[in-house]
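The exercises below are meant to be worked with the model in view. Try each task before reading its solution.

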Amino acid sequence: MILLPSSMPIVYFPANPNLLINPPPSWLSRRGSSAVVASAASRDVDSFTSKSGYLFSLSADEADSLSEYNFPRIDGMYKKKPLILLRRLAQIGTTFGYWFGLRLADEALERSEQMFKVRAAELRKLLVELGPAYVKIAQAVSSRPDLIPPIYLDELSLLQDQITPFSSEVAFNMIEDELGLPIDELFSEISPEPVAAASLGQVYQARLRRSGKVVAVKVQRPGVRAAIALDTLILRYIAGLIKKAGRFNSDLEAVVDEWATSLFKEMDYLNEAQNGIKFRKLYGGIKDVLVPKMYTGYSTSKVLVMEWVEGQKLNEVNDLYLVEVGVYCSFNQLLEYGFYHADPHPGNFLRTYDGQLAYLDFGMMGDFRPELRDGFMEACLHLVNRDFKALAKDFVTLGLLPPTAEKSAVTKALTDVFQDAISRGVRNISFGDLLGDLGKTMYRFKFRIPPYFSLVIRSLAVLEGIAIGISPNYKVLGSTYPWIARKILTDSSPQLKSSLQNLLYEEGVFRIDRLESLLSESLRAETALVQKPLVGTDSNIAMKQMLAFTFTEQGSFVREILLREFAKGLDAFGLATLDSFTFSGSGPSTSLTEEDMTNLRTFYRLISLFSGMQKAESQVKAVSKYGEALMPLDEASLVMYQLPSAQEMLPILSILPELPQESQQRLLQLPGDLVGRLVSRAFARTIRRMFL
């Protein structure tokens, strides 16, 4: 749905025909009480119908049987039509054979560069002639400028909404048949030609007679169900042959089934209307996201009426902010609610003229189950933190690896594959590069691609492709990770809490560096959509948001961990202070254990982190200026000396009154909690020393 050119005529249907002052145009004829466009352009047969129209001849019962994807039913139907099946196979084979033959001839005649653009245009036309299944595949590829040459990208991008339309006379007849009313009783105005045409249907701009609202009317292309049914049948047989040959680890037949199921749902416009309503309810409230209203009273399985949206394709405007909005919305779709847009090609994203991101086309949607959402977030968490052993287990949870896979070998392989990519930092991780690096490892360890995963991967890959077209260095995973970090720190899921606990405590030792990273990234999520760097620019704002988060209900799990570590650190600090007086003149003796020293270092890092001190980023070095290891008491003295002074703590104290009332109330409970934990530790230590 794009802006209607001002030069395009509109067909007017006055409530009283006598009010029409000028005579009707020559292309406007009356059929009963309805007006039908029958222009010369409309009478032309589109290339899909011309080349593949033989697929359309189905009986009423056969057409009804294609209301949803059912492989046994489709298989049984076309077993009775062997000539059509053979003709389709011949058409596909000769079409691609002809094109590849031309490419080989270009190579032989050394004219590849001169003919490159010509061959790209020919490929686009051939895909349109073959029909929607092949157009859909090409649409996904057209969103990856990092994978295909620019000339092919330009040609294939035309498949998003500039396919040759079918006859408007056929479209208007279908509207009347589906809605059961003459077209002039439904609309007071309608464009005589479609303003956009895609693989499954085409769109007209119209005005509802009853309400006067401007709407988009989408009409399904004739014959698409029959063509897609036969093509998915062929693709599934090919997938079965590949599986039998043992050339692929994944269940390709299941992948085809998943894709075909979503494609058949996309052809049910009533289902799309319900998807749009649900999408609007879940994500329409996100800042700068626009989801058009659906008019279900004017919609059927083949006709969809929705709110008209004007704007430009997102990939045609340089608006990185709206890309960030799209990334954030996709995060909510995949990881918050699990209901996501599974067909996010550039034609389905518009930048409205008031600067909003409009989502269009809700036919192909996916459902990401809660356990898979948690598994996906855990995999991202473990990947970023280089916990490849846990990542191997995540791949089992996600269904990518069989439970019988040798975990140690997989862990080593994942380390070899991802180590270099992760070392560049989370903000520089490319989703596409990770998939490319993983390719050989997937084949070696018999990785499987579960049916659900193919849609998720396609959704993320296409989104990154759109972003790369605007900003070549954009990384979707790096931009999404702040929200993943926030989700992991705040989610009530037992699975995610357990994963966070295991990540922060490696072999019983608290990894404060990992907590620092998660907190820093989660704070980045606060300002990602306003494009203002937070940490390092205004430390007071960073401290305020960190404290506010820690003392909210959502931060309760992290707060419990911090209280535990603060108590251990204060206990170690007390012992170190006592030792500094007790052993000050008697040599290097100390009562501090190695665990106490670890707790003291952690205490220093925590105080520095929450006071906004930059040196929180570096560990206290337990060596002298001569490079010799310090004795425990000397190291304890060094740590105590480097703790922030009262003056350095003033910024954090000045922030406390600015915290929300709820956070201040929880803060007041902090001293009592800490005292209780300290007394408990002191009592346990006394008992331990008495009896052990």
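**Exercise 1.** At roughly what angle do the axes of helix α4 (residues 71-79) and helix α11 (residues 224-245) cross, and within what distance do they come?

Solution. This is a predicted model, in which local features need pLDDT of at least 70 and side-chain atom pairs count only at pLDDT 80 or more, while totals for chains, interfaces and linings use all residues. Residues are numbered from 1 along each chain as its sequence is written, and side-chain values use heavy atoms, with hydrogens and water left out.

Step one is to find the helices, which are DSSP runs of H or I with at least four residues, just as strands are runs of E with at least two, both numbered from the N terminus. Step two is to compare the axes, lines fitted to C-alpha atoms over the stretch in contact, with angles running from 0 to 180 degrees between N-to-C directions: the axes of α4 and α11 come within 10 Å and cross at roughly 100 degrees.

**Exercise 2.** Which residues in α4 and α11 meet, and how many of them are nonpolar, polar or charged?

Solution. Contact means heavy atoms within 4.5 Å. On the α4 side, Phe71, Ile74, Asp75, Tyr78 and Lys79 take part, and they meet Ala226, Ala229, Leu230, Leu233, Arg236 and Tyr237 in α11. Sorted by class, this contact has eight nonpolar, no polar and three charged residues, where Ala, Val, Leu, Ile, Met, Phe, Trp, Tyr, Cys and Pro count as nonpolar, Asp, Glu, Lys and Arg as charged, and the others, Gly among them, as polar.

**Exercise 3.** In which sense does strand β12 (residues 349-352) run relative to strand β10 (residues 311-313), and in which sense does β12 pair with strand β13 (residues 357-359)?

Solution. Two strands pair if DSSP finds at least two bridges between them. Three bridges join β10 to β12, and these strands run antiparallel; here Lys313 stands opposite Leu350 in β12. The pairing of β12 with β13 is also antiparallel, over three bridges, and Phe349 has Tyr359 in β13 as its bridge partner. Finally, β12 and β13 form a hairpin with four residues between them, and Gly355 in the turn has a positive phi of about 85 degrees.

**Exercise 4.** Is Leu414 buried or exposed?

Solution. Begin by locating Leu414 in helix α17 (residues 407-423). Leu414 has a relative accessible area of 0%, and is therefore buried, which means under 20%, whereas exposed means over 50%, with a 1.4 Å probe and protein chains only.
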